[in-house]
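Hello,

Here is the model for your files. My notes follow below it.

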Amino acid sequence: MSEKAKEEKAYRVLESHGFLQRVVFRYMLEGHAASEEGKLAWVTSGFPVEIPVAMDVGVSYPEQYGAVIGSEKAGPKLCGYAEELGYSQELCSYARASIGSVKHPEESPLEGLPAPQALLACNNICGTVLRWYDAISQMTGAPVFLVDTPPLEGEQLPHHIAYVRHGLDDLVSFLSEQFGTTLEEDKLREVTDLATETIGVWTQCLEACKNKPSPLNCADRFLAMAPVVAIRGRDYTLEYYQMLLNEVKDRVTNGLGAIRDEKVRLLWDNIPPWFRVFRIMGSLAKRGVVFPADTYTHAWTGSFKDEDRMDSIASMYSNVYLNKGLEAKVDKMCGLIKDYDLDGFVMFSVRSCKRYSLGQLVSKELVSERTGVPGVVIEGDMVDSRLQNDAQIETRLDALLEMLL
Amino acid sequence: MGIGLDLGSSTTKGVLVDKNGKIIAARLIPTGAIASKAAENVLEELTKLSQLDLGDVSTVSTGYGRTQVEFAHESITEITCHSVGVHSLNPGIKLLIDVGGQDSKVIRIGSKGRPTNFELNDKCSAGTGRFLEVMARVLEVSIDELGPLALKSKFPCLISSTCTVFAESEVIGRIGSGESPANIAAGVHQAMAAKISTLSRRVGVASPTAVTGGVARNPAFCHYLSAALNCDLWIPKEPQLTGALGAAILAIARASDTE
């Protein structure tokens with residue numbers, strides 16, 4: 001693209017995205033290599049991944065692959081294959097797309113995820129993941145291990161940490177038996193230190209969006225989050241985030257926003273519709289709408305403390321956004337609206353992600369009441385475009401903007 | 001002058017107003033399969049009715065087909081347009097319930113006639129005009145006959161499903177068990193009123209409340225909605241035209257802003 005054409009787009013493309021693509025490509029190759037060696041585990045997005053990584057077990061993320069399926073617009077086809085097997089359309093579309101892609105890898109983007117030798121689920125993000133992995137286990141023969149993190153209301157009590165910690169110890173035994181490896185404390189410390197440092201740099205990128213204009217938009221963060229979710233404990237992940245942070249700082253120093261003419265700043269709540277997110281964000285960018293914060297990419301923050309590392313892992317993974325009550329979600333949204341000086345919020349009600357979408361109607365009222373800014377709930381899905389009506393979404397977003405502009 | 005065109009899922013409405021917002025001409029036609037064609041047709045009708053040259057008149061489009069009107073100077077959502085339209089007719093209205101062919105909206109109107117909060121039905125067509133059209137077909141009456149039929153009922157039967165497809169099966173079941181058409185029709189209206197009442201409570205019921213859209217012409221719906229909300233409802237003389245009227249008023253404002 002010529003420099004002039006770049007200048008004219010409402011949206012500024014990040015230079016570091018080229019490096020991001022290489023990082024993700026390398027991660028994919030590592031996944032295939034691990035699978036061929038018989039050392040690959042599939043993990044859920046909130047799984048305490050530092051443990052398998054420290055035990056030299058490769059990891060792949062079916063939820064992230066679900067996002068790829070969504071972006072490639074292959075959701076209806078692959079979800080349809082799962083439905084042919086008898087799964088309901090009410091089931092999570094990440095699960096359906098994953099089951100469909102295992103059934104028909106030849107019709108899946110990148111020919112499917114590499115075959116797993118273990119399936120590691122953590123129910124801190126939802127309960128469906130266990131049954132989903134059970135289904136994949138039936139199809140692939142890989143055994144399932146569950147790390148159980150009971151939902152938290154309020155502060156985490158010592159017995160809760162002890163319970164989750166017990167599950168993590170069992171995980172280590174499971175991985176040792178399955179893959180013939182051991183967990184060295186030094187290695188775990190090294191991996192968690194690297195993860196903490198990476199999350200720290202990522203958090204700085206997020207917090208830079210408090211600036212006006214915001215240096216990153218929602219869609220930038222949705223892409224840039226991939227390594228902090230999936231490729232923790234790797235030095236090249238840290239290298240990528242340092243590069244992103246430098247670019248973000250440059251933008252802030254030079255007063256450059258993610259979009260050219262920032263007029264309205266909004267909060268995004270929930271997983272995006274992967275098949276449509278860039279179109280929605282692009283068309284809103286043309287009207288001066290930017291999303292400096294969202295609850296989704298802010299879910300991968302925090303740090304491992306210098307206490308007993310296993311206890312710290314137990315604590316961090318129990319306290320993830322989706323494992324907490326409605327009050328914590330409302331507090332988080334109100335906090336982001338205040339800290340990032342936002343004018344309103346958009347809550348995406350994801351038909352197939354019940355855990356994230358539950359309570360949105362109530363929280364919309366509470367957030368508006370506490371912050372004084374208006375919001376709107378739009379409906380659709382992250383992967384299955386059959387569950388989305390674009391005209392209804394446009395009308396709701398337009399009406400919100402007419403209240404703000 | 002200003003022209004407002006409201007391209008709804010069932011009907012397209014056109015309103016021409018003078019500079020004071022007084023209606024000079026208004027027309028309603030079926031939208032049909034091509035929204036842009038409906039817009040052209042309704043403009044032609046307004047030209048005939050007013051016998052004026054409307055070529056340069058400021059025009060705002062609204063409704064689901066709003067972006068299809070190439071000759072419109074601006075498109076604005078029906079949420080804003082209905083608020084402005086109703087406010088111009090009755091400035092005291094605080095809550096507006098608009099039930100159209102494809103969706104139902106509940107809008108809180110601020111002191112300046114602009115929306116301050118709103119909720120729309122979910123993707124399901126239950127609680128919309130389409131729901132009543134489907135039920136009228138099953139009961140073998142016209143859509144205009146459905147409301148009066150329901151008002152004859154003394155013992156409305158319970159329609160528990162809020163999904164149009166399931167409710168249709170439920171109605172067919174009731175017919176099969178010998179329930180009278182009047183009682184079934186009343187149950188259908190009660191179910192719809194209950195759904196919209198829930199939507200209204202989410203925004204916050206506030207008096208006085210107005211009802212607009214094609215469904216506002218249905219006396220049984222208004223009767224059961226009034227009971228469900230426990231308040232009187234104000235219905236404009238032409239409840240289907242308020243969106244187009246609001247668009248026309250916004251067209252005047254737009255023209256004076258650009259002058």
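Helix H4 (residues 143–151) of chain B packs against helix H6 (residues 181–203) of chain B at about 105 degrees, with the axes 7 Å apart. Axes are lines fitted to C-alpha atoms, for helices over the stretch in contact, and angles run from 0 to 180 degrees between N-to-C directions. H4(B) is therefore roughly perpendicular to H6(B) (65 to 115 degrees). Helices are DSSP runs (H or I, at least four residues), numbered from the N terminus.

On the H4(B) side, the contact uses Leu146(B), Leu149(B) and Ala150(B). They meet Pro181(B), Ala182(B), Ala185(B), Ala186(B) and His189(B) in H6(B). Contact means C-beta atoms, placed from the backbone, within 7 Å. Seven of these residues are nonpolar, one is polar and none is charged. Nonpolar covers Ala, Val, Leu, Ile, Met, Phe, Trp, Tyr, Cys and Pro; charged covers Asp, Glu, Lys and Arg; the others, Gly among them, are polar.

This is a predicted model: local features need pLDDT of at least 70, side-chain atom pairs need 80 or more, and totals for chains, interfaces and linings use all residues. Residues are numbered from 1 along each chain as its sequence is written, and chains are lettered from A and ligands numbered from 1 in written order.

Next, the domains. Chain B has domain 1 (1–90 + 238–259) and domain 2 (94–235), with bounds from an automatic or database assignment. Their C-alpha centres lie 26 Å apart. 16 residues of domain 1 touch 22 of domain 2. Helix H2 (residues 78–89) of chain B gives the largest share of the domain 1 side, seven residues.

Last, the chains. 12 residues of chain A contact 12 of chain B. Helix H18 (residues 390–404) of chain A supplies eight, the largest share of its side.

Regards

Definitions and conventions
Contact = placed C-beta atoms within 7 Å. Helix = DSSP H or I, 4+ residues; strand = E, 2+ residues; numbered from the N terminus. Parallel < 35°, antiparallel > 145°, perpendicular 65-115°, else oblique.
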